[in-house]
Structures are given as structure tokens and as C-alpha cells.
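Hi,

Here's the structure I said I'd pass along.

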Amino acid sequence: MSAPPLPAVSRVTRALPIPAGAGLARMVVLRNVTSFRHGWIALISGFFEPVLYLFSLGVGVGALVPSVTTDRGSVVTYAAFVAPALLAASAMNGAVFDSTFNVFFKLRYAKLYDGMLATPLGPRDVAVGEIAWSLGRGGIYSGLFLLVAVLAGLVHSWWSLLGLPAAVFIAFAFAAVGMFATTFMTSWVHFEYVTLAIQPMFLFSATFFPLSTYPGLLQWLVRLTPLYHGVALERGLLLGEVGAGLLWHVGYLLALGLVGVLGAARRIEGLLLR
Amino acid sequence: MRSLPFGTVVRVTANGSATPAERPTRRRPAPTSGPILLARGLRKTFGEFTAVDGIDVEVQAGESFGFLGPNGAGKSSTMRMVGAVSPVSGGELRIFGLDPASDGPAIRARLGVCPQTDNLDDELTVEENLWIYGRYFGLSRAQVRERAAELLEFAQLTDRAGDKVEPLSGGMKRRLTIARSLINNPELLLLDEPTTGLDPQARHVLWDRLFRLKRSGVTLVITTHYMDEAEQLCDRLVVMDHGRIVAEGSPRDLIARYSTREVLELRFDADDQAAPAAALAGVGERLEVLPDRLLLYAHDGDAALSAASARGIRPLSALVRRSTLEDVFLHLTGRTLVD
């Protein structure tokens, strides 16, 4: 009646540079869902930040700015310009918070992954499960934010329906890279680097003003940041400025996410399966 | 969903005292009828450091086997390799006849692991800890709920089922960790220092639970640096020192082979024990000089004490006791086993 994990499969995964897993990553997600049933209040804070920004900047500052010309040439209100960027940022915030602080605690203090790896679960299950949960959390924030943006009358294009899957995709890239980076951290002090990476990105990834405002060289720097690609993707969809160019952003985020997942799994393997 | 080898749960209606958790676990024929655990020339190195230096071990189904030794002897490194979470550096290792390098998940599915430090999930309740851990083995929701109820009973934690883990006492956490390690009905249970840090009462409760498991046919592999624990729980054990096995046998065998039936412990007022030590030459079989006392190994402790008195030796206190594994260790390594 039993079918122990297929040796053929483990032989294949050993031949490739993919860390082992038992295909049970969903159980890691289940663990997090169970845990958050006790502390669901923690979910709320991440939702409010971008909403507050939307009203203070989009509506408040927007009153002083008659209109904005996007990098793709449309003329829109400032609030409509800022909303997609904040949607991307909320996906980033949710994903990064979970995949850095929470993962660090589980990895270094609670030793939860040691316990998981003593079961059939492998490092790949741990990485995929944690990242899936983080992107889910980012997705929830984004979904709620999108709802607020729609209710506030800032969304007009039907392409906006793709805004949510795109946000989940952005969350995936940030969750994966966040977890990968976290495996290198050995002290809480290292979280300063997370803030150092997130804050400037939040402010300067063409979030609050178009890319064309930056001098030439800086424009290229901005183009390198992952949030820029997230913002550009969401802006294209929410303002209905859709073109093949958006696939570039998708490709960038996909590559980043895959590197993050593989890197995180390999690091977990190296740290805990010595 | 991948099915794991936990199917055939033998439903034994409790015949009086037996709790469900100690019912005979499925006695699935192992792939080979050989030993549950087999190590030949097993080595573990971390860079230049050799933690396990070529050990040979064989554990049969139903046995209770111990690794005894001081901290740093290589017990935990051995346990991690057996638990299929640490790659073997050299030699051969088979668990259930399987190679951990290629069949890690299949091996871990049939193992229970109770690590040295509790790694319970503090964000979950007591029963959720069991449920979720069972799900890591691919068990269904219904399976883990049923099994968890039995195990909470076994661990005497039923009335704490809905509580958070954090406020539990050390002994309770340890019992929960052991209950958790049994969620998949393991054929082999690995216990790394199961009672370290517990008060005497909690240790006895735990020993009782482990003894019940052993009686129900679960193979136990235990590491410990407590002599009394090894004597209580192990049918057979190896003494490890500096990554090597220095002796092997049942507790009784080892005492018979490396010690005497009785030991006379003598304490003196003076710091210098050289004079009484010299005066005792020829009394008993052997003399160990420790910083705080003399240990005189003799078949008849009382006779040795009379002989010492006859030579004019006046100790501050004298105690005749039975020989223990501690004496074996002292004889084999020339050191006492202290934390």
C-alpha cells in the first residue's frame, strides 16, 4: 500500500542543481495559515500603509498637481498616476516583510526549518512553501489596495483586472529575493540593509514621478531596480497603456524570482543539512 | 497526493492499561530483513575537524540502543547522519537497508526524531504542533487529528491541548516533542539527549513513557551523557570518545568487563590525597584518584573498607556502592563524565 518517495525522482533532482523536496510545500503554507489564525491582526498593518500614501500623496498632493504625463505619453490625474505604483509597492512590502523578518526568526531562533527537514520535507519544500506564503500575503494587500483604488474611482481600464495577478507576480519576485537575502543574515542589525534597499526603491522607482524627470544616467539606474519593473508593469495595466514592452518587466521579475527560489533553497540546504 | 508508508494502522482495542499510542505499530517488513541501522567505518568531518572517526554500529529491530559519551564525543553528529539530515563523509550507512544519500525522504518518513533542543512551534498550540507536524509527513487531516488525540493522552497533555506551547514546563515540552516525533508511527525513534536539563521527577516520567514505547516494539536509539539513563533505557550501548567507539555491550556486560562489582568512595579532609592513595596499594582491584575523592574498585566494598581501616586510613566519609557505567567510562577514558 505504501509508495515511498520515488527513487527515480530523487535521482533526477540530484542530477540537477535543484535542492531536494518531497512536493509537500503546501504543508509549509498550511503551517503559516494556522499560525496567522492566532495573529491575523498582524496582517492589517501592511494594508494601511499604501492606502494612507494613496490619500496623502495621491489626493492631497494631487490637488496641487493638475495632471501628469506618463512615460508612455498619456495625461492622467496625479492620483491615477500614483495608484498603480502604490499597488506594486504594497505587493513588495507584504512579501518582503514576511520573507525577511519572519523567515529570519524561524531560521535562526525558532529552528522551525530544522524540525521540518527531519520529516520527508526537503529544502525545496521549505523555500517554495515560505515564498508561496509571502507572495500570498503580498497578494492579499494588493487585492485590498486595488479594491480601494477602484472605489476611489482611480481605475478605468479593463486591463486593471490583470493588476492583481501582476501584483502577485511582483510579490513572488520580492519574496524569493527577500528569503534568499535573509539566509545570509546572521543578526537583526542586518535588517538595516533591508530598509536601506526598500526605502529608496519605494521613493525613487518612478513611483511618485515619471522616469523622464530623472537625468539620463539616473534613469538607467532606476531601470535596474526591481520595483521600477513592478511599477511600470502595474502602471501599464491600470492605465491601459498595454504593449509588448510590458513583457520585459515580466521577464525581469520572473528571472529575479527564480534566482531567489533556487538560491534560498540551496542556502537552506547548505545551512541546515551539513 | 503521494502516499506515504503509514497505511496499515493496526487497530488494537486497548486491553486494559495499554494506551493507543503504544499499540503495536505496523510491523511492515523492511526492504531487507537485516538490521534497522547499520554503519561501517562511518565518518563525519567538518573541514579539518573529525567529529565521527570510523564507527561500526548495528541495531536490530526492537532493540534499544545507546550512544554514551561526553559532549563533543560525536554522538549528535552520528544521530544527524542516521536521521538523514547530514551527509555521510565516509564509510557506509544504511537505515532500514536504505542509503540516506539517495533515499533521505523515504528514510525520514519512517523515523521519529527528538532533537537535543526542543524546536516546537511556539506560534502554534499544543495540538496544532502535532497536527501540522503530521501534515509534513503527508498525512491527511483526519489521520493527524486521530493520532494527535492518542499522543496527547500518551504524553499526558490532553488537558493542555489548546494551550500555547511557550508557558509549558520543560518536562511537558519534552513530552510534546516526543509525542510529535511519534506522529508518523515511526519504526525507529532517535532521541538525542532526551532528558538533559529536566528535573529528576520529569526525567522519571519521561523514562516511563520511553519504556512503554520500547515495550510496544519501537526501536529506540538514544544518545546520553547520563549513566543512569543509559542503564535504565538501553539494552545495548556503545561508549564514544573523540569520535570513536571505545567499548560496546549491554550495561551489565560493560560493568562486568571494565569495572568491579562494587566501588568504595573515600573522601578526605586534606587537599592532598597522595598519602592515603599510597597507603591503599594492594587493596581492591584498582584505584582511581579524582580531584575530590578516591575510588577503590573491589568485588567486596565492605571488605575493602575494613582493609583500609586496618591500614589506619581515616576518611572523612566512606561510601560503598554498586559499580555504574560512570565507572566504566572513567576506566576507559581516564575522565569523569561531567557537563
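This is a predicted model: local features need pLDDT of at least 70, side-chain atom pairs count only at pLDDT 80 or more; totals for chains, interfaces and linings use all residues.

Below is what turned up when I went through it, chain A first and then chain B.

**Helix packing in chain A**

I'd start with helix α4 of chain A, residues 78-109. It packs against helix α7 (residues 163-182) of chain A at an angle of about 30°, and the two axes are 8 Å apart. With an angle under 35 degrees counting as roughly parallel, α4(A) and α7(A) are therefore roughly parallel to each other. Their crossing is right-handed.

The crossing of α4(A) and α6(A) is right-handed. By class, the residues in the contact of α4(A) with α6(A) are 14 nonpolar, 7 polar and 3 charged.

How far apart are the end C-alpha atoms of helix α8 (residues 191-204) of chain A? They are 20 Å apart, and that agrees with the 20 Å that its 14 residues should span at 1.5 Å a residue. After α8(A) comes A:Ala206, which has a positive phi near 55°.

Then there's A:Leu43, in helix α3 (residues 41-60) of chain A. A:Leu43 has 15 other C-beta atoms within 10 Å, so it is partly exposed. Leaving out residues up to four places away in sequence, A:Leu43 touches A:Phe36 and A:Ile140. A:Leu43 and A:Arg137 are 94 residues apart in sequence, yet their C-alpha atoms are 7.9 Å apart in space.

**Chain B**

Chain B comes to 11 helices and 13 strands. Of its 339 residues, 49% are buried. Looking at contacts in chain B with a separation of 6 or more, 69% are between residues 24 or more positions apart.

Helix α1 (residues 75-82) of chain B has 7 of its 8 residues buried, so it is largely enclosed by the rest of the structure. The buried ones are B:Lys75, B:Ser77, B:Thr78, B:Met79, B:Arg80, B:Met81 and B:Val82. α1(B) is followed by B:Ala84, with a positive phi near 60°.

B:Glu193 is not a glycine, but its phi is positive, near 50°. B:Glu193 sits in the loop between β6 (188-192) and α6 (200-215) of chain B. Is B:Glu193 buried or exposed? B:Glu193 is buried, because it has 20 other C-beta atoms within 10 Å. B:His242, also not a glycine, has a positive phi of about 50°. B:His242 lies in the loop between β8 (236-241) and β9 (244-249) of chain B, and with 15 C-beta neighbours inside 10 Å it counts as partly exposed.

Cheers

Key:
Residues are numbered from 1 along each chain as its sequence is written. Chains are lettered from A and ligands numbered from 1 in the order in which they are written. Axes are lines fitted to C-alpha atoms, for helices over the stretch in contact, and angles run from 0 to 180 degrees between N-to-C directions. Helices (H or I, at least four residues) and strands (E, at least two) are DSSP runs, numbered from the N terminus. Angles under 35 degrees count as roughly parallel, over 145 as roughly antiparallel, 65 to 115 as roughly perpendicular and the rest as oblique. A crossing is left-handed if the near helix is turned anticlockwise from the far one by less than a right angle, and right-handed if clockwise. The expected span of a helix is 1.5 Å times one less than its number of residues. A residue is buried if 20 or more other C-beta atoms lie within 10 Å of its own, exposed if 12 or fewer, and partly exposed in between; C-beta atoms are placed from the backbone. Two residues are in contact if their C-beta atoms, placed from the backbone, lie within 7 Å. Ala, Val, Leu, Ile, Met, Phe, Trp, Tyr, Cys and Pro count as nonpolar, Asp, Glu, Lys and Arg as charged, and the others, Gly among them, as polar.
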